[in-house]
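This report goes through side-chain pairings and nonpolar cores. Please look over the sequence and the model before reading on.

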Amino acid sequence: MVEKIDDANDIVHHVFRSEKGDAIDFSLLRSWRLWTDTDPQYVVSSCSVTHNKIPDMSPKYGRGEILSSGFIIRAHPATTAAIPSEGGAASPHDPGCCVTYVLQLGSKALKLVVEEVAGQSKHAFQSLRKFVEVLEGYH
């Protein structure tokens, strides 16, 4: 994390390397909310931003652009009542959740994703687990 804006927004810098040695970095605004208008769900979104603490690292890295992206995380339909309320904790007996990821990429990032998606899926889920741990630390 480069800068914490408030309890639901921050600026982050991520650098990813492909197995071929190519590298791309991202400067992102990240936001998250507990959405309760319908079935309770967490919405985590991000988009590329310019930030004075994240200089352009070209030519070492190519600066990727995420036009918009986000996760929608909700309890498995059979367990909707298991999602915690704002500030609450989920039961250790919760059987699971559904995660939907939506992504709009610029051309540099899209090329890297297409080339690496099969080999990097495991790493993406490990990063997601780390991100969830960070979110849990804010409560």
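## Aromatic pairs

F26 is buried, with a relative accessible area of 6%. The model in which this value was computed is a predicted one. F16, in contrast, is partly exposed, at a relative accessible area of 38%.

The structure holds two aromatic pairs. In one of them, the ring centres of F16 and F26 are 5.8 Å apart and the ring planes stand at 70°, so this pair counts as edge-to-face. An angle over 60 degrees is what that label requires. Because F16 belongs to strand β2 and F26 to strand β3, the pair ties together parts of the chain that are 10 residues apart in sequence.

F71 and Y101 also pair: their ring centres lie 4.5 Å apart with the planes at 35°, so the arrangement is tilted. This pair links distant parts of the chain, since F71 sits in strand β6 (residues 66–75) and Y101 in strand β7 (residues 97–105), 30 residues apart. Y101 counts as partly exposed, at 41% relative accessibility.

In soluble globular proteins, nonpolar side chains tend to be buried together. Here the largest nonpolar core has six residues: V12, I24, F26, L28, I66 and L105. Strand β3 supplies the largest share of this core, three residues. F26 is thus a member of this core as well as a partner of F16 in the edge-to-face pair.

Another core lies apart from the largest one and has five residues, among them A8, V44, F71 and I73.

## Salt bridges

Side chains of opposite charge can pair when their charged atoms come close. A search of the whole structure finds three salt bridges.

K4 and D7 form one of them, with a distance of 3.2 Å from N to O. D7 counts as exposed, at 55% relative accessibility, while K4 is partly exposed, with a relative accessible area of 42%.

R30 and D10 form another salt bridge, in which the closest N and O atoms are 2.8 Å apart. The two residues come from distant parts of the chain: R30 is in strand β3 (residues 23–35) and D10 in strand β2 (residues 9–17), 20 residues apart. Both R30 and D10 are buried.

R63 and D25 make up a further salt bridge, and here the closest N and O atoms are 2.8 Å apart. R63 lies in strand β5 (residues 62–63) and D25 in strand β3, so this bridge ties together parts that are 38 residues apart in sequence. R63 is partly exposed, with a relative accessible area of 23%.

Is D25 buried or exposed? At 0% relative accessibility, D25 counts as buried, because the limit for that class is under 20%. D25 has its place in strand β3.

Leaving aside residues up to four places away in sequence, D25 touches H13, H14, V15, M57, Y61, G62, R63 and G64.

Terms used: Residues numbered from 1 in each chain as written. Predicted model: local features only at pLDDT ≥ 70, side-chain atom pairs only at ≥ 80, totals over all residues. Heavy atoms only, no water. Salt bridge = Lys/Arg side-chain N within 4 Å of Asp/Glu carboxyl O. Buried < 20%, exposed > 50% of the residue type's maximum accessible area, 1.4 Å probe, protein only. Helix = DSSP H or I, 4+ residues; strand = E, 2+ residues; numbered from the N terminus. Contact = heavy atoms within 4.5 Å. Core = buried A, V, L, I, M, F, W, Y, C linked by side-chain atoms within 4.5 Å. Phe/Tyr/Trp six-rings, centres within 6.5 Å; stacked < 30°, edge-to-face > 60°.
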